[in-house]
Amino acid sequence: MYIIELIRSLLAENSLLLLFLVISIGYALGKIKIFGFNLGVASVLFTGLAIGSLSPDFKIPEIIYRFGLVLFVYTVGLSSGPSFFASFKYKGFRDNIFILLMISFGGLLTSLSWYIFKLKSTMITGIFCGSFTSTPALAGSLDYIKENNANNPNLNTLLSDPVVGFSVTYPAGVIGMILVIYILQKFWKIDYKNDLKDDSDENLISSEPISSITVKITNPKITGKAHEEIFSNEQNIMFCRIKKNDKLSIVESGTKLNYGDLVSIIGTQEKLYEMADLLGEISKEDLSFNRDEFDFRRIFVSSNKVLGKKLENINLTKYGAIITRIRRGDIDFVASPETVLEPGDRVRVVAPRNKLNEISSFLGDSYKELSEVDVISFTLGITIGLLIGSIPIPLYEGVTFKLGFAGGVLISGLVLGKLGKTGIFLWQIPYNANLTLRQLGTILFLAGIGTFSGYSFLTTISQGNGLTIFLSGILITCLTAVMTLVIGYKFLKIPMGTLIGMLSGLQTQPAVLAFSNEQADNSLPNKGYSTVYPFAMIAKILIAQLLLGYLPH
């Protein structure tokens with residue numbers, strides 16, 4: 001007993017020790033797989049709840065989870081900004097409106113649960129956030145409650161209610177979505193390979209493997225045409241080397257293709273063979289193996305002279321060179337003139353052998369620089385987001401809405417991520433730094449709110465409300481998922497691969513996306529996810545606060 005009391009006293013007095021204990025245990029438990037599924041980082045939340053339930057004195061300072069959430073949301077915004085805005089060139093507007101309607105449908109189901117089960121609006125808001133596994137919406141709700149109930153003597157209880165509802169329904173929010181996807185794809189007998197062929201939109205960045213072939217020009221209709229005229233509307237294709245009259249050179253803007261020329265093409269396998277059929281025939285001579293005059297090298301992009309710029313604006317032609325592929329994170333994709341270079345990109349450059357060292361110096365090629373974050377730009381971006389989040393937006397009869405620190409920082413991240421660079425400010429950060437800060441932010445937030453609400457969570461479960469909360473969550477999740485898939489697939493004719501990615505984005509849930517990728521075995525789920533993820537996150541922040549504002553406590 002003495003040892004137990006000593007540990008209890010130590011954890012109550014040392015919040016930093018409590019924080020890292022929750023994180024270390026939770027993260028370890030999150031890696032354990034049961035029936036092929038694990039909770040991942042969400043396990044930190046449940047560990048925090050478990051440890052927090054042992055004593056009302058086990059608390060982690062509020063600033064910890066607020067700081068964590070800001071890191072998480074801002075880094076998500078930075079990485080999603082370019083693809084989010086680019087998606088509107090295709091069917092992004094339709095897809096985002098559709099997802100907004102489905103999240104609103106989930107909000108109506110939540111309101112119905114409030115009416116049927118007579119739960120408090122603070123609790124039902126947590127159920128909404130948990131059913132859609134949205135930690136930013138939960139954070140926005142806590143911010144809203146705190147601001148509008150500053151003098152309420154029951155403020156701590158009001159703050160605990162959403163976290164309890166979130167915690168009970170979060171597992172159902174993950175598992176329910178996965179089950180609905182699995183059941184409906186079996187019922188509809190989905191063939192994801194045909195699904196991929198039916199997708200008419202071009203991927204902005206394809207995660208399909210990149211390779212190269214050499215083609216001999218034999219189609220007379222092609223002779224005399226510049227290569228841009230042939231594939232100007234194609235994505236994931238690039239012409240690299242060309243051999244004319246036994247002379248090898250780099251394909252440049254305006255290079256014309258003539259009968260008998262050999263040209264090396266880089267792209268995804270399907271696109272390569274389509275292009276080969278158009279141009280002529282595949283040659284037995286592979287120009288990529290000829291490294292007598294031209295060679296290639298992988299180079300890290302770290303120089304501020306080129307970061308944030310489009311490839312067409314960095315003028316590598318002065319070196320007689322061309323960038324053919326870019327590796328960003330774990331994905332290789334074909335470069336294009338419109339591609340904007342980001343910190344941490346690893347580019348494949350084809351150039352004269354004697355120019356490679358000079359090109360490396362021009363692009364930076366410094367791993368040390370990539371490990372550093374521009375602190376001024378990073379903190380300025382977050383400051384802008386916090387200011388945006390504090391702006392009151394009038395709704396009706398004197399009632400105002402705020403994006404809160406989570407929503408405001410997300411907006412800032414999306415816009416600045418799209419801009420990439422403004423004057424001397426480079427907003428993007430290296431890919432690996434982004435992931436590290438995002439992971440750190442997530443675990444700080446989950447550990448903080450878990451321990452804060454652990455004791456209230458235990459009280460709610462012991463009073464018998466847990467089953468009602470859980471059933472409400474599973475119904476909201478599953479009915480919304482079914483409605484989304486039925487309308488999207490049967491009426492809007494969205495390919496199933498893209499649609500389950502959109503459903504993962506609606507849920508803003510990486511675990512559901514991982515399952516969707518496994519089922520589809522192609523890049524469509526990633527495409528659907530990135531198209532709607534930012535908009536879905538903002539929509540859930542707004543709807544959660546509307547539930548608090550409209551439903552009586």
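Buried means under 20% relative accessible area and exposed means over 50%, with partly exposed lying in between. The exercises below apply these terms to a predicted model.

**Exercise 1. Decide whether Lys120 is buried, exposed or partly exposed, and do likewise for Asp161, its partner in a salt bridge.**

Step 1. Begin with the contact itself, in which the side chains of Lys120 and Asp161 meet in a salt bridge with a distance of 2.7 Å from N to O. The two residues belong to distant parts of the chain, for Lys120 sits in the loop between helix H5 (92-117) and helix H6 (121-131), whereas Asp161 lies in helix H8 (residues 155-187), 41 residues apart.

Step 2. Lys120 has a relative accessible area of 38%, and therefore Lys120 is partly exposed.

Step 3. Asp161 has a relative accessibility of 7%, which is why Asp161 counts as buried.

**Exercise 2. Find where Arg66 and Glu62 lie, and state how many residues apart they are.**

Step 1. The side chains of Arg66 and Glu62 are joined by a salt bridge, at 2.7 Å from N to O.

Step 2. Both residues lie in helix H4 (residues 62-86), where a spacing of four residues corresponds to about one turn of the helix.

Step 3. The relative accessibility of Glu62 is 27%, so Glu62 counts as partly exposed.

**Exercise 3. Describe the order of the five strands in the open sheet, and identify its edge strands.**

Step 1. The strands follow the order E4-E3-E6-E1-E7, and their pairing is antiparallel.

Step 2. Strand E4 (247-250) and strand E7 (280-282) are the edge strands, since each pairs on one side only. From one strand to the next, the twist averages 30°.

Step 3. Within the sheet, strand E1 (residues 210-217) and strand E6 (residues 262-268) run antiparallel and are joined by seven bridges, and Val215 has Val263 in E6 as its bridge partner.

Step 4. Finally, helix H11 (residues 269-279) packs on the sheet, where it touches E1, strand E3 (237-244), E6 and E7, and the direction of helix H11 makes about 150° with that of E6.

How values were computed
Residues are numbered from 1 along each chain as its sequence is written. This is a predicted model: local features need pLDDT of at least 70, side-chain atom pairs count only at pLDDT 80 or more; totals for chains, interfaces and linings use all residues. Side-chain values use heavy atoms; hydrogens and water are left out. A salt bridge is a side-chain nitrogen of Lys or Arg within 4 Å of a carboxyl oxygen of Asp or Glu. Buried means under 20% relative accessible area, exposed over 50%, partly exposed in between (1.4 Å probe, protein chains only). Two strands pair if DSSP finds at least two bridges between them. Axes are lines fitted to C-alpha atoms, for helices over the stretch in contact, and angles run from 0 to 180 degrees between N-to-C directions. Contact means heavy atoms within 4.5 Å.
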